[in-house]
Amino acid sequence: MAKVLIVEDEDILARNLAEKLRSEGFQVMTAGDGEAGLQKARDEHPELIVLDIMLPKLDGLSLCRIIRRDSSTAHIPIIMLTARGTEVDKIVGLESGADDYMVKPFGLGEFLARVRAVMRRSPGHPPLQDELISNDLRLSLTGRRLFKGGEERKLSNKEFDLLAELMRNRGVVLSRDLILTKVWGYDYYVDKRTVDVHIRWLREKIEDDPSDPKRIVTVRGMGYRFEG
Ligand code: CA
């Protein structure tokens with residue numbers, strides 16, 4: 001049974017998240033401030049940490065950095081929770097070391113999907129689920145193959161990673177910066193228009209009518225959203 005540590009000072013939210021995870025078979029521990037969170041991360045060896053940013057005693061970004069520097073906890077995947085849009089830049093930036101983040105308020109179904117996705121990506125965990133499915137699209141994560149209506153569509157590596165990222169975040173707007181960070185990586189300088197070009201190529205492969213995309217939607221001034 002996978003162990004999850006939730007570090008969140010909002011009692012009701014912490015309880016809701018814990019209940020949702022328990023109902024799905026996870027073992028859950030909670031901490032209401034950053035110091036207690038650090039103690040539990042070290043003592044209990046959770047397999048995932050859900051970490052709020054605004055916390056008493058020790059804030060989430062600092063805690064995240066400490067966890068990453070400590071060899072006994074450095075490998076634990078972290079999902080950051082944030083209430084404010086401006087914090088998102090810090091989480092996504094080079095420093096924090098978080099694996100994913102969610103902006104409050106979010107739905108419990110979305111939360112569960114992110115928890116599963118992050119745990120699936122983390123080393124040492126056998127894949128919980130191998131496929132991302134949306135209508136007639138089926139993306140095999142381990143086989144790295146895409147099928148549309150049962151027919152295989154060939155994707156380049158980057159197209160595959162981009163589509164997987166979009167499908168994992170179904171219904172959520174992903175900015176070009178976030179996509180660059182997640183798909184191309186922190187250290188790689190790529191022009192933001194590269195994202196647009198890859199989106200166009202992907203649309204040609206997955207949209208019924210690429211000139212009128214219904215799956216990968218452009219959100220003007222913000223980025224792209226997968227609708228499935
Ligand atoms: Ca808080």
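In this tour, two residues are said to touch, or to be in contact, when heavy atoms of one lie within 4.5 Å of heavy atoms of the other. The model you have open is a predicted one.

**Stop 1: a residue in helix H6**

Begin by selecting Glu 165, whose place is in helix H6, residues 157–168. Show its surroundings and, leaving aside residues up to four places away in sequence, you will find that Glu 165 touches Leu 174, Lys 182 and Val 183. Is Glu 165 buried or exposed? Its relative accessibility is 8%, and since buried means under 20% relative accessible area, Glu 165 counts as buried.

**Stop 2: the two domains**

Now colour the protein chain by its domain assignment, which gives domain 1 as residues 3–121 and domain 2 as residues 131–226. The centres of domain 1 and domain 2, taken over C-alpha atoms, are separated by 26 Å. The size of an interface is often given as the accessible area lost when the parts come together. Between domain 1 and domain 2 the buried area is about 850 Å², and carbon and sulfur atoms give 47% of it.

**Stop 3: the sheet**

Next, select the five strands that form an open sheet, in which the order is S2-S1-S3-S4-S5 and the pairing is parallel. Strand S2 (27–31) and S5 stand at the edges, where each has a single partner strand, so one side of each is left without a neighbour in the sheet. Looking along the sheet, you can follow how neighbouring strands are turned against each other by 20° on average, if direction is ignored.

Zoom in on S1 and S3, which run parallel and are joined by four bridges. Which residue of S3 is the bridge partner of Val 4? Select Leu 48, and you have that partner.

H1 lies across S1, S2 and strand S4 (78–82), and runs at about 170° to S1. H3, in turn, lies across S1, S3 and S4, and its direction is at about 170° to S4.

**Stop 4: the calcium ion**

Select the calcium ion and display what surrounds it: the ion is coordinated by Asp 9 (OD), Asp 52 (OD) and Met 54 (O), at 2.1 to 2.3 Å. Along the sequence, these donor residues follow the spacing D-x42-D-x1-M. Asp 9 is partly exposed, its relative accessible area being 32%.

**Stop 5: backbone details in the loops**

Stay in the loop between S3 and H3, where Lys 57 lies. Although Lys 57 is a residue other than glycine, its phi is positive, near 75°, and with a relative accessible area of 63% Lys 57 is exposed. Move on to His 45, in the loop between helix H2 (34–44) and S3, where phi is again positive, at about 50°, although His 45 is not a glycine.

Finish at Pro 105, which is found in the loop between strand S5 (100–103) and helix H5 (108–121). What kind of peptide bond joins Lys 104 and Pro 105? The bond is cis, with an omega of about -5°.

Definitions and conventions
Residues are numbered from 1 along each chain as its sequence is written. This is a predicted model: local features need pLDDT of at least 70, side-chain atom pairs count only at pLDDT 80 or more; totals for chains, interfaces and linings use all residues. Side-chain values use heavy atoms; hydrogens and water are left out. Donors are N, O and S atoms within 2.8 Å of the metal (3.2 Å for Na, K and Ca); water is not among the atoms, so sites may look incomplete. Buried means under 20% relative accessible area, exposed over 50%, partly exposed in between (1.4 Å probe, protein chains only). Helices (H or I, at least four residues) and strands (E, at least two) are DSSP runs, numbered from the N terminus. Two strands pair if DSSP finds at least two bridges between them. Axes are lines fitted to C-alpha atoms, for helices over the stretch in contact, and angles run from 0 to 180 degrees between N-to-C directions. Domain bounds come from an automatic or database domain assignment. Buried area is the accessible area (1.4 Å probe) that two parts lose on being put together, summed over both.
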